[in-house]
Amino acid sequence: INRFAKGELTEEQVYSFSVKLCDNEVDRDYERFDGAALEQLGELFLGKSGVFDHQWSAQGQTARIYRTEVVEEPHRITAAGDGYRWLKGYAYMLRSEYTKALIDEIEAGIKKEVSVGCSVAEKRCSVCGTDRNQEDCPHVKGEVYDGVLCYHSLERAVDEIEAQIQNSLEREVSTHKIGEYVMDQLMRIDDVAYIRFASVYRQFKDIQSFHDAIRKLMDEESND
């Protein structure tokens, strides 16, 4: 916990608790996170603030996630047919008059639901494997085709883009900064998506612009 605090906190100052952030079960929208996405989200959520009542104000950001782990329940089978896994988050908040009522509600089991917002690079159809972020396919979520349930597998989480914007101390974030966040994330996860986005965002006008973007991408990969 003290990794995220500017000053040394004591046990008496802090209230800690755990929450289920998300899992790999097919939800009511017929979407689910794959195993790799759960692991990626576990890393992305570290140090992020918990939001109450969807208010991204300083007052709304009450708790902070300090540790995550993926919990496996192999004897429980998902609608997709594999073992059940879920992302567990450990969070903390300062004990104060302001947080006392919230802590009481958590202890009483009243506050226990968590909703997670994130972005993913790919949404793959479970029937044919098409990335629905890139193109359509004839399959409809929730329908069954030759015994296979159609759902979208949410893969390659890039929620850090959204979190960086929301956690910014600036009152407003410029479209330029948002574009740069997206560029940085795509460069790390998808070469083709990076070039496509860059060509539109930076308004490539000739072949040399594409060449320069590809050269930058190759330089970054060689440095890694």
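A surface patch here is a group of residues with over 30% relative accessible area and no salt bridge, where like charges are joined within 9 Å and nonpolar side chains (Val, Leu, Ile, Met, Phe, Trp, Tyr) within 5 Å. A salt bridge, in turn, is a side-chain nitrogen of Lys or Arg within 4 Å of a carboxyl oxygen of Asp or Glu. This is a predicted model, so local features need pLDDT of at least 70 and side-chain atom pairs count only at pLDDT 80 or more, while totals for chains, interfaces and linings use all residues. Residues are numbered from 1 along each chain as its sequence is written, and side-chain values use heavy atoms, with hydrogens and water left out.

**The overall picture**
- The protein chain has six helices and nine strands; these are DSSP runs numbered from the N terminus (helices H or I, at least four residues; strands E, at least two).
- Of its 224 residues, 34% are buried, where buried means under 20% relative accessible area, exposed over 50% and partly exposed in between (1.4 Å probe, protein chains only).

- Phe-210, Ile-214 and Met-218 make a nonpolar patch of about 260 Å².
- Phe-210 sits in helix 6 and is partly exposed at 33%.
- Asp-184, Asp-191, Asp-219, Glu-220 and Glu-221 form a negative patch (Lys and Arg count as positive, Asp and Glu as negative; His and chain ends are not counted).
- For these distances, a charge is placed at NZ of Lys, CZ of Arg, CG of Asp or CD of Glu.
- Helix 6 (residues 207-223) gives the negative patch its largest share, three residues.

**Salt bridges**
- There are ten salt bridges in the structure.
- Glu-72 pairs with Arg-85 at 3.6 Å, N to O. Glu-72 is in strand 4 and Arg-85 in strand 5, so the pair ties together parts 13 residues apart in sequence.
- Glu-72 is exposed at 54%, but Arg-85 is buried at 18%.
- Arg-124 bridges to Glu-122 at 3.0 Å and to Glu-155 at 3.8 Å. Glu-155 belongs to strand 9 and Arg-124 to strand 6, so their link spans 31 residues of sequence.
- Shared partners join Glu-122, Arg-124, Glu-155 and Arg-156 into one network.

Definitions and conventions:
Accessible areas come from the Shrake-Rupley method with a 1.4 Å probe; for residues, only the protein chains shown count as cover.
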